[in-house]
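Have the model open beside you as you read.

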Amino acid sequence: MKNNTKKFVLVTMLSAMAITLNIIESMFFGGILPLGIRVGLANIIALITIVSLGVKEMIVVNIMRVFIGNLMRGLIFGSTFWIALGGVVLSSILLIVCNKILKSSLMFTSIVSSIAHSIGQVVVVAIFYKQPYMFAIVPYLLLSSVPMGILTGIVGKNALRLIDKNVKL
């Protein structure tokens, strides 16, 4: 298989995994935690993608996750879409900065990305609904972002170890 074809197939498969995890998490874990807090299972795929394939591929996977995930749930271009996009854009930017520019550890990168995702979503909500007081929940979101970032970092690190051992990319 040609290298471009192989990369395209891998990006497509990773996008499908991210979309699936996103939808499963929305369906089963959406209302369990307060303030709309979620684990961020699809962020594991973003970590795997940026480390194993690169920045462009991670951006494609994250954008596909938001667009197709919201399209499949019938929420495309509604408030949920824009909130998700705000979180993904800010977390992707900091994921790139931490991983590629600062060369930070995967765990630190995951935590920073999780925090950025929460802040990006709050910014969009504050703008979308003209509610600057939304920033009052940022400390609570930070309390959840750190353990969720640690969890996704641990899973991402273990997944990358298995991929390195068993898959030729």
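Predicted model: local features only at pLDDT ≥ 70, side-chain atom pairs only at ≥ 80, totals over all residues.

Let's begin with helix packing. Two packed helices are described by the angle between their axes and the distance between the axes. Helix α2 spans residues 41-52 and helix α3 spans residues 55-72.

| Helix pair | Angle between axes | Axis distance | Handedness of crossing |
|---|---|---|---|
| α2 and α3 | roughly 160° | within 8 Å | right-handed |
| α2 and α4 | about 40° | 11 Å | right-handed |

**α2 against α3.** The axes of α2 and α3 cross at roughly 160°. Because angles over 145 degrees count as roughly antiparallel, α2 is roughly antiparallel to α3. On the α2 side, the residues in contact are A42, N43, I45, A46, T49 and I50, and they meet V55, E57, M58, V61, N62 and R65 of α3. By class, this contact has seven nonpolar, three polar and two charged residues.

**α2 against α4.** Here the helices pack at an angle of about 40°, and α2 and α4 are therefore oblique to each other. From α2 come A46, L47, I50 and V51, while α4 supplies L95, I96, N99 and K100. Six nonpolar residues take part in the contact of α2 with α4, along with one polar and one charged.

**The cavity.** How many cavities of 30 Å³ or more does a search of the whole structure find? The search finds one, and about 90 Å³ of space lies in this largest cavity. Its lining has 15 residues, with N43, A46, L47, S113 and S114 nearest the centre. Two or more lining residues come from each of α2, α3, α4 (79-101), α5 (106-128) and α6 (138-166). What is the make-up of the lining by class? The lining divides into five nonpolar, nine polar and one charged.

**Two loop residues.** F77 is in the loop between α3 and α4, and its phi is near 65°, a positive value in a residue other than glycine. K130 sits in the loop between α5 and α6. Phi of K130 is near 50°, again positive in a residue other than glycine.

Terms used: Residues numbered from 1 in each chain as written. Heavy atoms only, no water. Axes fitted to C-alpha atoms, helices over the stretch in contact; angles between N-to-C directions. Helix = DSSP H or I, 4+ residues; strand = E, 2+ residues; numbered from the N terminus. Parallel < 35°, antiparallel > 145°, perpendicular 65-115°, else oblique. Left-handed = near helix turned anticlockwise from the far one by under 90°. Contact = heavy atoms within 4.5 Å. Nonpolar A, V, L, I, M, F, W, Y, C, P; charged D, E, K, R; others polar. 1 Å grid on protein atoms, 1.4 Å probe; cavity = no way out; pocket = protein on both sides within 12 Å on 5 of 7 lines; lining within 4 Å. Points joined across faces, edges and corners; volume = space filled by probe spheres on them.
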